[in-house]
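Please open the model in your viewer and keep the selection tool at hand. The tour moves from one selection to the next and says what is found at each stop.

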Amino acid sequence: MALTARPPSELAGFDWEYAPAPEARDIVTIAARNQLYIGGKFVEPHSRKFFKTVNPATEETLAEVAEADEVDVDRAVNAAGEAFRSWSRLQPARRARYIFRISRLLQERSRELAVLETLDGGKPIKESRDVDLPLAAAHFFYYAGWADKLEWAFPNRSPRPLGVAGQIIPWNFPLLMLAWKIAPALAAGNTVVLKPAETTPLSALLFAEICEQAELPPGVVNIVTGAGQTGSYVVSHPGVRKVAFTGSTEVGKLIQRGLAGTGKRLTLELGGKAANIVFEDAPLDQAVEGIVNGIYFNQGHVCCAGSRLLVQESIQQPLLEKLKLRLGTLRLGDPLDKNTDVGAINSKQQLAKITGLVESGVREGAEIYQPECRLPERGYWFPPTLFTGVSQSHRIAREEIFGPVLSVLTFRTPEEAVEKANNTPYGLSAGIWTDKGSRILWMTERMRAGVVWANTYNRFDPTSPFGGYKESGFGREGGLQGLLAYVDLN
Amino acid sequence: MATAVSRSGGTPPTGGPGKPFPPPPPLSHLGSLMRGVRSVDQVGVEERAAALGKRSIKKASKLAALDLVIRCMDLTTLEGADTPGKVAALCSKAVRPQPGDASVPSVAAVCVYPAMVPPAVAHVRGTGVKVASVATAFPSGQTFTSIKVAETREAVIAGADEIDMVIDRGAFLSGDYQKVYDEIQEVKEAAGRAHLKVILETGELGTYDNVRRASILAMAAGADFIKTSTGKVTPAATPPVSLVMMEAIRDFHHETGRSVGFKPAGGIRASKTAIHYLVLLYETLGPTWMTPDRFRIGASSLLNDVLMQIAKERDGVYQSGDYFTID
């Protein structure tokens with residue numbers, strides 16, 4: 001018998017199970033109790049209250065975090081106000097030096113931060129490692145470069161810092177949103193009181209440690225943890241000159257109402273219901289990747305997620321076949337595993353919201369598709385989901401789900417695509433897939449969306465401004481435009 | 001009155017009143033068909049291929065992959081200096097890659113020049129290892145079709161189980177798809193029972209759109225396998241080129257039901273690279289493609305690195321190169 005003879009069953013196919021490949025979690029030390037970071041020191045909260053933050057993949061409590069009350073927020077704003085006097089007068093090149101130092105420390109400690117981000121938020125380690133951390137560092141690098149060039153950023157004007165900026169960030173990209181907010185604020189000479197989301201406060205607290213390590217002057221960055229109430233103290237504090245908020249449209253409206261007549265500057269980055277538009281001449285296999293990246297990236301917890309797929313009717317069938325096949329290869333599970341594509345839903349409340357909206361989709365008559373997918377027993381999970389036969393009037397086509405749920409609609413002509421894509425209260429982003437360059441330009445001119453991606457999706461760069469139309473908010477973050485929110489040009 | 005005529009309202013191009021249109025000759029519009037092949041987005045395909053390169057394949061899954069890499073390997077020597085002695089050594093290595101360790105399987109085939117087929121056949125007879133011969137004026141393909149066909153026939157008569165032909169890139173790039181198609185068909189016929197692998201030489205095709213077109217052209221013309229490169233041109237196999245070819249195979253299978261194999265070749269020297277190709281295959285074409293019938297890796301110097309990695313997975317330490325035979 002020949003040496004190579006093997007049973008035919010072994011040649012018939014190959015069931016390849018990737019062995020678990022978890023990133024080591026002991027690289028990061030999480031304190032059992034975490035204080036507030038005010039005036040360059042970690043301090044006990046006046047409230048004496050603490051709340052728990054859990055790992056959404058296991059429901060295990062990771063740590064207790066201080067809940068800042070009105071007095072705590074007042075102390076933080078005062079510390080920031082105090083620091084503003086010297087920070088705003090510091091030689092710009094020296095300000096830049098601190099910000100550069102922060103960027104380098106973010107890079108040096110990126111593994112630690114990535115693991116922490118994944119533990120606290122549930123996102124796959126490959127995303128926190130390859131997207132969140134590099135981009136966060138890049139934002140600091142980018143704005144550090146502007147710090148001593150503000151006169152060139154706004155020629156013939158005299159840009160001056162505003163004062164204390166109150167910043168509230170969401171739980172979907174905790175550290176990256178922190179970078180988007182803090183980097184331009186510091187570069188322009190402002191000081192900051194930042195409140196991270198209550199379900200993901202840990203990376204902001206580690207960032208506070210990095211500020212210490214960078215020897216940033218006390219009070220330039222203050223971190224107050226807490227829930228919505230703490231956020232409202234930050235927003236309404238009279239010492240705050242500028243408010244920047246990223247989060248839900250609902251809360252954004254409340255903030256704008258509250259700030260009316262106060263003279264405080266405001267930028268809002270809110271929800272979205274983006275259309276990802278695929279024309280019949282699109283490179284299909286790459287469009288499928290773009291669709292997957294658009295809606296299943298970070299479990300769909302992305303304000304600019306491509307949650308509505310608008311596909312030209314003539315290619316609906318082959319595209320959906322490919323898409324369903326691709327969904328079957330998504331690997332859902334332990335977010336710390338380097339091979340995981342879809343992680344855990346950020347919180348119990350968010351899971352309930354997603355489940356509710358998906359149920360409404362089924363009730364309203366859309367056809368649901370979910371690949372065969374074993375969900376872990378503990379933790380908050382939702383399988384990648386696809387709805388076909390969706391019409392514009394369905395809730396799943398109108399409301400932001402903020403989960404791994406895609407609604408598929410069809411169109412026949414470019415005009416119809418524009419009309420349907422714009423027919424939403426939101427206007428944050430859009431995607432266009434076609435081989436025809438002229439059509440990309442034609443479409444882009446007509447889309448009411450802050451960002452339009454062509455033949456790609458969810459691409460970010462610190463030099464490129466990001467922001468919304470309509471109920472997706474106003475103001476831009478990133479790029480030269482991102483500085484505008486933090487300077488007074490009068 | 002024929003309905004077709006009355007509907008068009010003009011003179012029928014062929015036939016006459018009362019006669020139906022004859023079916024169009026099957027390949028008369030090959031050029032326009034080829035130009036109608038769906039495009040590939042360069043940025044997207046490179047991004048996806050790179051992302052799959054970040055899969056972390058460890059422990060049991062790594063051992064299984066390395067075993068499969070050996071079973072799917074076309075151990076290759078394609079040098080002007082090849083001699084019967086060199087080929088004999090290659091064949092021993094192919095049959096028994098790790099002397100004294102029966103758990104290491106034989107490779108799928110040895111791949112040699114036509115003149116080296118007879119000694120290769122003599123050495124692998126009865127072992128299950130196949131003999132593959134390059135043909136059709138490898139690597140350039142720049143000769144007369146009659147000679148390519150004759151070379152193929154001779155190689156098969158000499159005992160080759162598999163033929164690795166090259167496409168006429170000159171004809172392809174000048175838009176003469178018909179010539180490329182016809183030549184593959186003729187070689188396929190000359191190859192008879194031997195398996196035909198069609199080398200696209202993607203490094204000379206210039207764009208992913210061309211790679212996709214050439215893949216579909218070769219499969220339509222009867223290729224059993226499509227193969228990236230000769231190994232004589234840089235770049236040879238790359239992950240994104242392979243992904244484009246695999247996606248073409250997937251679409252072709254979906255439309256025709258025919259399963260065509262895939263073979264990356266050229267420049268694959270490290271186990272890690274080989275495993276990257278397996279990941280691409282697994283996540284694009286799925287487990288049914290992960291057999292030597294549908295997947296091969298062409299390599300001349302990969303085998304020892306794979307053996308070294310297997311030993312390392314088993315013992316936990318790397319061994320010196322001297323523990324692996326150089327043939």
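Predicted model: local features only at pLDDT ≥ 70, side-chain atom pairs only at ≥ 80, totals over all residues.

Residues are numbered from 1 along each chain as its sequence is written, and chains are lettered from A and ligands numbered from 1 in the order in which they are written.

**Stop one: chain A as a whole**

The average for chain A is 96, and 97% of the residues score at least 70. Now select residues 1-11 of chain A, where pLDDT stays under 50; for this stretch the model has 17 contacts beyond four places in sequence, a contact being two residues whose C-beta atoms, placed from the backbone, lie within 7 Å.

Zoom out again, and the C-alpha atoms of chain A fill a box of roughly 80 × 55 × 45 Å along the principal axes. The radius of gyration, taken over C-alpha atoms, can be compared with a globule rule of 2.2 Å times the number of residues to the power 0.38. For 490 residues a compact globule would have a value near 23 Å, and chain A, with 23 Å, agrees.

Switch to a cartoon view, and chain A shows 17 helices and 20 strands; helices (H or I, at least four residues) and strands (E, at least two) are DSSP runs, numbered from the N terminus.

**Stop two: strand β11 of chain A**

Select residues 265-269 of chain A, which form strand β11. Is this strand largely enclosed or open? Five of its five residues are buried, so β11(A) is largely enclosed by the rest of the structure. A residue is buried if 20 or more other C-beta atoms lie within 10 Å of its own, exposed if 12 or fewer, and partly exposed in between, with C-beta atoms placed from the backbone. R265(A), T267(A) and E269(A) point one way from β11(A), whereas L266(A) and L268(A) point the other way.

F245(A) has L268(A) as its bridge partner in β11(A).

**Stop three: where the chains touch**

Show both chains, and the contact takes 34 residues from chain B and 27 residues from chain A. On the side of chain B, the elements that give two or more residues are α3 (42-52), α4 (59-71) and α12 (271-284), and α4(B) provides the largest share, five residues.

Most residues other than glycine have a negative phi, and most peptide bonds are trans. Select K59(B), which is in helix α4 of chain B and has a positive phi of about 45° although it is not a glycine. K59(B) counts as exposed because it has 12 C-beta neighbours inside 10 Å. Then select K470(A), in the loop between β18 (451-454) and β19 (473-474) of chain A, whose phi is near 45°. K470(A) counts as partly exposed because it has 18 C-beta neighbours inside 10 Å.

**Stop five: two cis peptide bonds**

Finally, select F138(B) and P139(B), which are joined by a cis peptide bond with omega near 0°; P139(B) lies in the loop between β3 (130-135) and α7 (145-157) of chain B. Another cis bond joins T234(B) and P235(B), with omega about -5°.

Notes:
pLDDT = per-residue confidence, 0-100. Pairing = 2+ DSSP bridges.
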